[in-house]
Amino acid sequence: MPQLGETVTEGTISQWLKRAGDAIEKYEPFVEIATDKVSAEIPAPVSGRIRELLVKEGETVPTGAPIAIIDAADAVEAVEQAEPSPPPGEASGEHGGERRVSPAVRRLAREHGIDLATLRGSGTGGRITAKDVLAAARPAAAHPAPVAGETIPLSRARRIIAERMVEAKRTIPHAWTMVEVDVTNLVRRRAAMREAFERDHGIRLTLLPFFIYAVVEALREYPLVNARYTDEGIYVHKEVNVGIAVALQDNLLVPVLRHAERRSFVDLAIAADRLIERARTSRLTADELAGGTITVNNTGAIGSFASAPIVHGGQAAIITMEAVVKRPVVLGEDDAIAVRSMMNVCTSFDHRVLDGATICSFINEVKRRLEAIGPTGAL
Amino acid sequence: MVVSAPSSVVNNVEAVRLTLYEALKSDPNVVLLGEDIGARGNVFLITKGFLEEFGPQRIIDTPLAEAAIVGVAVGMAMEGLRPIAEIQFADFIYPAFNQIVGEAAKTRYRSNGDYTCPLVIRTPYGGGIRGALSHSVSVEALFYHVPGLKIVAPSTPADIKGLLTTAIEDPDPVLFLEHKKTYRLIKGELPAGRYTIPLGKADVKKQGDDLSVISYGFYVHQALDAARELEREGISVEVIDLRSIRPMDKTTILESVKKTRKVLILHEDNKFGGIGAEISAMLVEEAFFELDAPIRRLCGPDVPPMGYARTLENEYMISTERMAQAMRELARF
Amino acid sequence: MSAFERYGLSDDQLIWLLRNMLLQRTIDNRGFQLNRQGKIPFAAGSEGHEALQAGAALAFQRGKDILAGYYRDLGLFIGIGVTPEEALRSQFACASDLNGGRQFPHHFSKKSIGLVSMSSVIAAHCTHAVGIAYALKYRGEEGRAVLCSFGDGATSQGEWHEALNFASVHHLPIVFLCENNGLAISVPLRKQMAIDNVSERAAAYGIPGTTFDGLDPLVSYDTVKRALDRARRGDGPSLIEGKVHRYLGHTTDDDDRTYRTREEVAELRKRDPVPTYEAFLVKHGILGQAQIEALRKEILREIDEATDRAEAEPLPAPSELYTNVWEGEARPWW
């Protein structure tokens, strides 16, 4: 059925002018067709013999539908296939790797507290999609209740943690020691400072910055604790970059507070607070997670009394502050008994770099400084 | 005497015809003017029989002068008639450009409401019918920029009837675009009786969750075909028929994008500066944090529309396969 | 006193003509003065057109006819019912201006007196005038006509020809009035057209064409009236051309010294229609010289008061920018 007119979509056979079996000449009229725009006689496209008429008079068919078969006298015209041209090279947008996230992904991750580093992307090129984030946000997926007899698949984070822990334990010969610290005055001092500190600096004051400060000061006297074992020798770091361990739902992050040796107490407090906040809301950058020279861990916050942490690869020591507990303690030369706030400070260390003497001197220096913090005075 | 289609399933030509007929019958202020709309009944037979029924005062065969067709219609509208001017093909609208954008669109504003211009300009547009370089153009991008003008481009019979009825009764100038390829190709149910569809209201022709396709005109139908194909592959595509170019339905667009987070804008008109550009800018301004993929525009190439040879026209027009492929890529992004 | 052809006009009407001419000239001058004072950015003068416009305004039937004029028709607008207040408000672009201070001065719209809204685009209003005339005829309204006025430059626009063609095919109640002052800004007639009189074009459209002396208010009145009567009784369109002068530049932004000499202008001024008509009225005892002086003073005072009032009025509020784009409240896009 030919297209007779710009918008015509169908045609009706008004009258066949030839019969099946008739001979036909090219251009000879062989059928009358009517559409709602025009009626016309159609000339034959080829010379030959009409084999079969496919449509009855009065019947309507769409344009392009076959209406008759003609056996052409000479070679059959090649039927042209209209090849749709290949789509122009409009890239859907190649995005380099997983690093770039879309606005929706960033927003959803923040809203649901998802650490993007823990997700595997299902989009093009490994892209993390909004659906990936939402799937991770679903409670069931985040904390699969361990079902006895079933294997919980490893998340990416868990896999990475596992690899690092094994590596650290395998390469570093761990040793451990502990001291008790009387933090009664420290606790009082913190309580006294708290309100003004929050008003002036906008953050809640914890014991952590005091601890970090004491560690950093102690490192000035015992720089070997801020070092790394290499086959060529023990490399003593130039700066003190304190890793602060932060526990999340299914992950452990250790953001690094750089150049702690240059910072004032207030500066340390604010920087630590900021890093912990960013760790909790999955906004840490790669830079903020690298370059640590020593690590501290506030295991006391999760109720630990003593712990044996694993040294971070590339470092020589990790120091914990344990829970503050009120205990009866013997004081002074008179052997008086008093109730004091006591806090254990533990350290695991690389025995290749440090021996007992050095590390105990160091950790006792930390203790001394913490116990020296009085109700008033400079920090 | 004009006879209504016996069944309630009609094509787009019939939808325009029946709507114009009803308007002429119900409001004596409605007059039609244009080239060949009288005795010839319009080159697509849209006004066939109207001259005999309504007379030459109401069905005016104008001289061949597009600026005058619109300018005279502006005067009629200012004086209280409801003229419906026809430009025979959108490709011929350019001589009337000042009358449309400088006069009709500004009448209410420049007189601060003293005069108004309730005018409808109807014109067939679009390609895919071997119309070559003067019977294929899309003109909406030239006009949608202009404050004071309204533009609609429905592509189903039911939408045509509702929107044309509204346009005729609208107190402002409305450019009513009819995609000529859909004239006889697209058929659908035409609800009986008088009804209106408000301008500025898009229609979600298919619901979906994985991506939003925004389109209008002939391509809506191809998009629906492609979406149905993708449904079988497990991809759920939402297809929005804008219907109304100005005012445009921001609410429906935003709701859809918030749901699917991925957008494919599909239009036959040239890409650069087409409708898609405005929609993209709006989405980045207002839905930035909802977007999970760059906004994709699949549009006409930036060449004059469109070459006469079949191969040239097929290259210009976007096939259903190309649309499906773009949808697939976006869903998987 | 010698007899003169008064075309059926009473003495009051003869005086009305002068009044209108003086109002036009005074408001015009005031516009230029305000501009040179730095108080308004722009004014377009119509000095030289007073007689034609006063005569046409008198022929116009208020409440019946419709005027599709152009920006130099101040006399016509005043003559059919725009007040001096409204004229000054348009110059100052007050909030209370007929069109809210949106348009250039004198681009009036006042539907209540049949004054059609216009743009500055030359001849764009001619097809509108035709459409309006069509509507009048369509509704069977007898005794009503459209007066469409424009300058000589307009008759070169394609749309002007389209308008005459359409009007003549449909035999519409419309008068096409050309106010031929021989200049389109700086372009003189001999560069604008190959003919001597615009009215010669009428033959191309099968309608009557007449050229008349636009500096004579009585002849102007009569010619316009005949053409309007013809249209009102259903005898169809006509093209009438009044020859006038333009003594000033196109607008306050145009320095006509760049294209004509002061001598040329001085030569034209010899036939200035305002003093010419004043002398005519005195000569024929319609008005004494002292009465003319008093009339001038009274008009000046009227315009002074209108100026002061308009100057004191507020400009449109910024929020007024957004209304009346479409019906109802305009929103930015979206």
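Helix H5 of chain C has 15 residues and reaches 22 Å from its first C-alpha to its last. This span is close to the 21 Å expected at 1.5 Å a residue. The values come from a predicted model. Of the 15 residues of H5(C), 14 are buried, so the helix is largely enclosed by the rest of the structure. Just after H5(C), C:Gly140 adopts a positive phi of about 70°.

Within chain B, one helix pair was examined. Two packed helices are described by the angle between their axes and the distance between the axes. The axes of helix H1 (residues 12-26) and helix H7 (residues 157-169) of chain B come within 9 Å. They cross at roughly 30°. With angles under 35 degrees counted as roughly parallel, H1(B) and H7(B) are therefore roughly parallel to each other. Their crossing is right-handed. From H1(B), the contact is made by B:Asn12, B:Glu14, B:Ala15, B:Val16, B:Leu18, B:Thr19 and B:Ala23. H7(B) contributes B:Pro157, B:Ile160, B:Lys161, B:Leu164, B:Thr165 and B:Ile168. The residues of this contact divide into 8 nonpolar, 3 polar and 2 charged.

Chain B also touches chain A. In this interface, 27 residues of chain B are in contact with 19 residues of chain A. Three helices of chain B give two or more residues each to the side that touches chain A: H8 (182-185), H12 (310-316) and H13 (320-332). H13(B) gives the most, with 6 residues. By class, the side of chain B that touches chain A has 11 nonpolar, 4 polar and 12 charged residues.

Definitions and conventions
Residues numbered from 1 in each chain as written. Chains lettered and ligands numbered in written order. Predicted model: local features only at pLDDT ≥ 70, side-chain atom pairs only at ≥ 80, totals over all residues. Helix = DSSP H or I, 4+ residues; strand = E, 2+ residues; numbered from the N terminus. Expected span 1.5 Å × (residues − 1). Buried ≥ 20, exposed ≤ 12 C-beta atoms within 10 Å, placed from the backbone. Axes fitted to C-alpha atoms, helices over the stretch in contact; angles between N-to-C directions. Parallel < 35°, antiparallel > 145°, perpendicular 65-115°, else oblique. Left-handed = near helix turned anticlockwise from the far one by under 90°. Contact = placed C-beta atoms within 7 Å. Nonpolar A, V, L, I, M, F, W, Y, C, P; charged D, E, K, R; others polar.
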